Amino acid sequence: MIIAVDGPAASGKGTIAKALGRHYGLPVLDTGLLYRAVGLSVLKAGGDPDVEADALAAAGFEDAILADPALRSEAVGSLASRVSVHQSVRDALVQRQRDFATQPGGAILDGRDIGTVIAPDADAKIFVTASVHVRAERRYKDALSHGGHPDMDSLIADIQARDTRDMSRDHAPLKVAQGADLLDTSDLTIDAAVQRAIALVDAQLEGRSRS
């Protein structure tokens, strides 16, 4: 069983994917971490994330970097969005994601092109979203909890810029996959969003079993 969870930054897709993993007993891959790892590798190498050759060279990162806490920073998140526009980088990471998706027993993957590119035949697909303001507030609270001093206007601008990059890129743009259910978490608590996600997945799985 493969479940695809897509959506923009700070929509709640990662939290929902982990909860679905616990509920269905499936391993979860945050595919965004792979692009963050490329972005961080470019930074450490002194390269330019907007130069395709530099980004591609960083796509051969060692798995150990996936445990680096720096991957979760806003700065690296922005780098991930920038390196992800390069088709060669996306190609380099596709097989790693598909191998995870097709492991025995199945898996859950969250990202921006899971239902459209990585696993278009997934058994269930959800597109998680939320308003820009709500997503910025989540980033703001998260930064405060980690001792940061975020600026709300900057957070909003960054999210809008990332959305524009992700939705307008030529290769695998962020969009709702065919057959995916839309889940807007703007006005939902975490528990309510998770329960809604489970209901949507169950309904899709039941629909597939009938067909």
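Student: Before we look at anything else, what is a nonpolar core?

Tutor: A nonpolar core is a set of buried residues such as Ala, Val, Leu and Ile, joined through side-chain atoms within 4.5 Å. Keep in mind that we are reading a predicted model. Here the largest nonpolar core has 19 residues, and Ile3, Leu20 and Ile126 have the most contacts inside it.

Student: Which elements each supply at least two residues of this core?

Tutor: They are β1 (2-6), α1 (13-24), β4 (124-129) and α9 (190-210). The most comes from α9, which gives six residues.

Student: Let me step back to the whole chain. How many helices and strands does the protein chain have?

Tutor: There are nine helices and five strands. Read from the N terminus, the order is β-α-β-α-α-α-α-β-α-β-α-α-β-α.

Student: What does the radius of gyration say about the protein chain?

Tutor: The general idea is to set the value beside that of a compact globule. For 211 residues such a globule would have a radius of gyration near 17 Å, and the protein chain agrees because its own value is 17 Å. Along the principal axes, the C-alpha atoms fill a box of roughly 55 × 35 × 30 Å. Of the 211 residues, 47% count as buried. Sequence separation is also worth a look: among contacts with a separation of 6 or more, 77% are between residues 24 or more positions apart.

Student: Now a charged side chain. Is Asp113 buried or exposed?

Tutor: Asp113 counts as buried because its relative accessibility is 3%. You will find Asp113 in the loop between β3 and α6 (114-118). Leaving out residues up to four places away in sequence, Asp113 touches Asp6, Arg90, Gln97, Ile118 and Ala172.

Student: And where does Asp163 lie?

Tutor: Asp163 is in helix α8 (residues 152-168). Asp163 counts as buried too, since its relative accessibility is 9%. Beyond residues up to four places away in sequence, Asp163 touches Pro8, Val132 and Arg135. The C-alpha atoms of Asp163 and Ala9 are 7.8 Å apart, although these residues are 154 residues apart along the chain.

Student: What about an aromatic residue, Phe100? Where is Phe100 found?

Tutor: Phe100 is in helix α5 (residues 87-101). With a relative accessible area of 21%, Phe100 is partly exposed. Setting aside neighbours within four places in sequence, Phe100 is in contact with Pro27, Val28 and Leu29, and also with Ala107, Ile108 and Leu109. For Leu29, 71 residues away along the chain, the C-alpha separation from Phe100 is 7.6 Å.

Student: Let's turn to backbone angles. What is the phi of Ala10?

Tutor: Ala10 has a positive phi of about 65° although it is not a glycine. Ala10 sits in the loop between β1 and α1, and is buried at a relative accessible area of 15%. Another positive value belongs to Ala172, with phi near 50°. Ala172 is placed in the loop between α8 and β5 (181-184) and counts as buried at 17% relative accessibility.

Notes:
Residues are numbered from 1 along each chain as its sequence is written. This is a predicted model: local features need pLDDT of at least 70, side-chain atom pairs count only at pLDDT 80 or more; totals for chains, interfaces and linings use all residues. Side-chain values use heavy atoms; hydrogens and water are left out. Buried means under 20% relative accessible area, exposed over 50%, partly exposed in between (1.4 Å probe, protein chains only). Helices (H or I, at least four residues) and strands (E, at least two) are DSSP runs, numbered from the N terminus. Contact means heavy atoms within 4.5 Å. The radius of gyration is taken over C-alpha atoms; the globule rule is 2.2 Å times the number of residues to the power 0.38.
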